[in-house]
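Look at the model shown here and follow one residue at a time.

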Amino acid sequence: MLRQIRRVIQFVALPLLTIAAASAFAANARDCSISQADERLRIKACTELIQENPRNIAAYMERGTAYAVTFEDDRAIADFGAAIILDPRNILAYLMRAGCYNHRGSPDLAIEDSNKALALDPKWPGAYFSRGNGYSRKGDHDSAIRDFNKAIELSPKSAFYLSVRARVHADAGELIKAIADYDKAIELDPKSTQYLVFRGKAYERNGQTDRAITDYNKSIELNPKSVIAFHARGLANEQLGRKQEAIFDFRAALSINPNFKESEDGLKRLGAAP
C-alpha cells in the first residue's frame with residue numbers, strides 16, 4: 001500500500017503543472033487541451049496539430065502532458081524535449097520533463113532539468129519541489145529537505161509541499177517532524193483524506209496506533225469509499241489484536257475494490273473469508 005501511495009505523491013505534481021499548462025497554452029492548442037477528457041483523443045488531436053505545424057510548441061506541451069498523465073514517460077519526455085528545442089526558456093517544459101524523469105527512475109536527469117528551470121527563474125517553487133523529489137529518490141534526504149523548505153518558503157499555503165516534506169522526514173525516521181508537517185497540511189486542507197492517512201501511518205511508526213486509528217476514522221468519515229483508509233485501519237486493528245475489527249476493515253476495502261490484494265492478504269492472515 002505504501003508503494004502505491006508514494007507513486008501518487010511522486011506524480012501529483014504533474015496534474016498540478018498540467019493545470020498551469022492548460023491556462024498557458026489552451027488558446028493556441030484548444031483542440032488538444034486538458035478540456036479533452038479522453039487522453040487518447042487528446043493525443044490524437046495534438047498529433048494532428050503537430051503534423052500541420054511541427055513548430056507548434058503548445059501542441060507538444062499538451063501531448064506531452066497527456067502522455068505523462070497516462071504514465072508513458074518516454075513519449076512525454078520526447079515531447080517536452082521538442083518544446084524545449086523550440087523554446088529553450090520554457091520553464092514549464094523543463095519541469096514537466098523533470099517530473100517524468102523522476103517517475104521513470106532517472107533522478108539525476110530530473111535534477112538537471114530542475115536546475116535549468118531555476119537558472120531561468122530562481123523563485124519558481126515547483127522547480128525546488130521537482131529537484132527535491134529527485135534528491136529524495138536518490139536517498140539524499142538533507143538536500144531534498146532543503147529544496148522542499150525553499151518551495152514552502154515561496155508557497156507557504158501549499159498543503160501539498162508540506163505533505164511531501166513530511167514524507168521525506170518520515171523516510172529519514174524523523175517522525176515528529178513528519179507529523180508536524182502533516183498537521184500543517186491538514187490545517188490548510190482539512191478535507192484531504194490522503195493527508196490523514198499519511199499522518200496516521202506516521203503515528204503508527206511512532207508507536208501511537210490509537211491516534212493513527214483516529215486519523216483513519218476521520219478519513220473514512222470524509223470519504224466512505226477510501227480503500228487505503230479502510231486498509232490502513234485494518235492493519236492498525238490487526239496490530240492491536242482486534243481481529244474482528246480488522247476483518248471488518250479488510251472486507252470493507254475489498255467491497256470498494258475487489259482487486260485490492262493487500263486487504264485480501266490481510267484476511268488470509270486472519271483466517272477469514274473475503
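Tyr195 touches Ala159, Phe160, Ser163, Tyr182, Ala185, Ile186 and Asp189, leaving aside residues up to four places away in sequence; a touch, or contact, means heavy atoms within 4.5 Å. This is a predicted model, in which local features need pLDDT of at least 70, side-chain atom pairs count only at pLDDT 80 or more, and totals for chains, interfaces and linings use all residues. Residues are numbered from 1 along each chain as its sequence is written, and side-chain values use heavy atoms, with hydrogens and water left out.

Tyr195 also belongs to the largest nonpolar core, which has 80 residues; Tyr195 and Met61 touch the most other members. Such a core is a set of buried Ala, Val, Leu, Ile, Met, Phe, Trp, Tyr and Cys residues joined through side-chain atoms within 4.5 Å. Buried means under 20% relative accessible area, exposed over 50%, and partly exposed in between, with a 1.4 Å probe and protein chains only. Helix α5 gives the most to this core, with 9 residues. In soluble globular proteins, nonpolar side chains tend to be buried together.

Helix α5 covers residues 91-104 and contains Ala93. Helices are DSSP runs of H or I with at least four residues, strands are runs of E with at least two, and both are numbered from the N terminus. Is Ala93 buried or exposed? Ala93 counts as buried because its relative accessibility is 0%. Its contacts, beyond residues up to four places away in sequence, are Met61, Phe80, Ala83 and Ile84. Met61 lies 32 residues from Ala93 in sequence, yet their C-alpha atoms are 7.0 Å apart.

Glu39, in helix α2 (residues 39-52), also counts as buried, because its relative accessibility is 17%. Glu39 touches Ala66, Val69 and Thr70, again not counting residues up to four places away.

Helix α15 (residues 261-269) has Ser263, Gly266 and Leu267 buried. These three lie on the same side of α15 because they cover an arc of only 95° around the axis, the arc being that of the directions from the helix axis to the C-beta atoms. The face turned away from the buried side of α15 carries the exposed residues Lys261 and Lys268. Cover for the buried residues includes α13 (227-239) and α14 (243-256).

Finally, consider the whole chain. The chain has 15 helices and 0 strands, and 53% of its 274 residues count as buried.
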